[in-house]
Amino acid sequence: MPSATRIGPLAMIALSAVLVGGGPVAGQTKVDSSVLWESYSFDGAVPYGEISELSLPVSASFALGTAGELAVSTAYVRVLLSLDEDGAPVEHLLSGLADTEARLTLNIIRDRLVFLTTASIPTGIESLEGGQQDVLNVLVTDVLGFYTQRLGSGGSIGGGLAGALPLGRLAFGFAGSYTAFGSFQPLVG
């Protein structure tokens, strides 16, 4: 008869192989979060003194077994812009939740064809006041590349397919998607 000291480690190895190697377990939830701080300073060539962004992204994914996955994410964002207006530094702050994004991925043919649908729920910033438009103008530039650039929208919904067909030792991959966006008027007045 095997001893308990041998069965315990073997059972743990077998259980980890089922959980890791056997594919996702239905109902399994994974939550991730991080803290990101980005800051840029300018030397006077532009009217901006400094811009900094604090992002606190949070995401959760829910395994649907071998059928697919549901993922939901959002972020709290705080952006501070220092401008030189008429020789005096002026600070503008933009903060709040970004839109909540949800993605449902379904395996039509496992490891071959995947259907996905996405939605952006407008939980983010709905309107801008005063100097907040200046903050957004600097934030969305591709030159700086901040982690969180879109703080709000009118929402969206989309869907698509992605797949791979084996061709000998290689595979032919294909994907297509479409997204419809809601209306969004962030400027007050």
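## Charged side chains

At 37% relative accessibility, Arg103 counts as partly exposed, because the value lies between the 20% limit for buried and the 50% limit for exposed residues. The model is a predicted one. The side chain of Arg103 forms a salt bridge with that of Glu69, at 3.5 Å from N to O.

How many salt bridges does a search of the whole structure find? The search finds two. Besides the pair of Arg103 and Glu69, there is a salt bridge between the side chains of Asp32 and Lys30, with an N to O distance of 4.0 Å. Asp32 has a relative accessible area of 38% and is therefore partly exposed.

| Salt bridge | Distance (N to O) |
|---|---|
| Arg103 – Glu69 | 3.5 Å |
| Asp32 – Lys30 | 4.0 Å |

Which residues form a negative surface patch? The patch consists of Asp84, Glu85, Asp86 and Asp134. Of these, Asp86 sits in the loop that runs between β4 (68–85) and β5 (88–97). With a relative accessible area of 85%, Asp86 is exposed, because this value is over the 50% limit.

How values were computed
Residues are numbered from 1 along each chain as its sequence is written. This is a predicted model: local features need pLDDT of at least 70, side-chain atom pairs count only at pLDDT 80 or more; totals for chains, interfaces and linings use all residues. Side-chain values use heavy atoms; hydrogens and water are left out. Patches are made of residues with over 30% relative accessible area and no salt bridge: like charges are joined within 9 Å, nonpolar side chains (Val, Leu, Ile, Met, Phe, Trp, Tyr) within 5 Å. Accessible areas come from the Shrake-Rupley method with a 1.4 Å probe; for residues, only the protein chains shown count as cover. Lys and Arg count as positive and Asp and Glu as negative; His and the chain ends are not counted. The place of a charge is taken as NZ of Lys, CZ of Arg, CG of Asp or CD of Glu. Helices (H or I, at least four residues) and strands (E, at least two) are DSSP runs, numbered from the N terminus. Buried means under 20% relative accessible area, exposed over 50%, partly exposed in between (1.4 Å probe, protein chains only).
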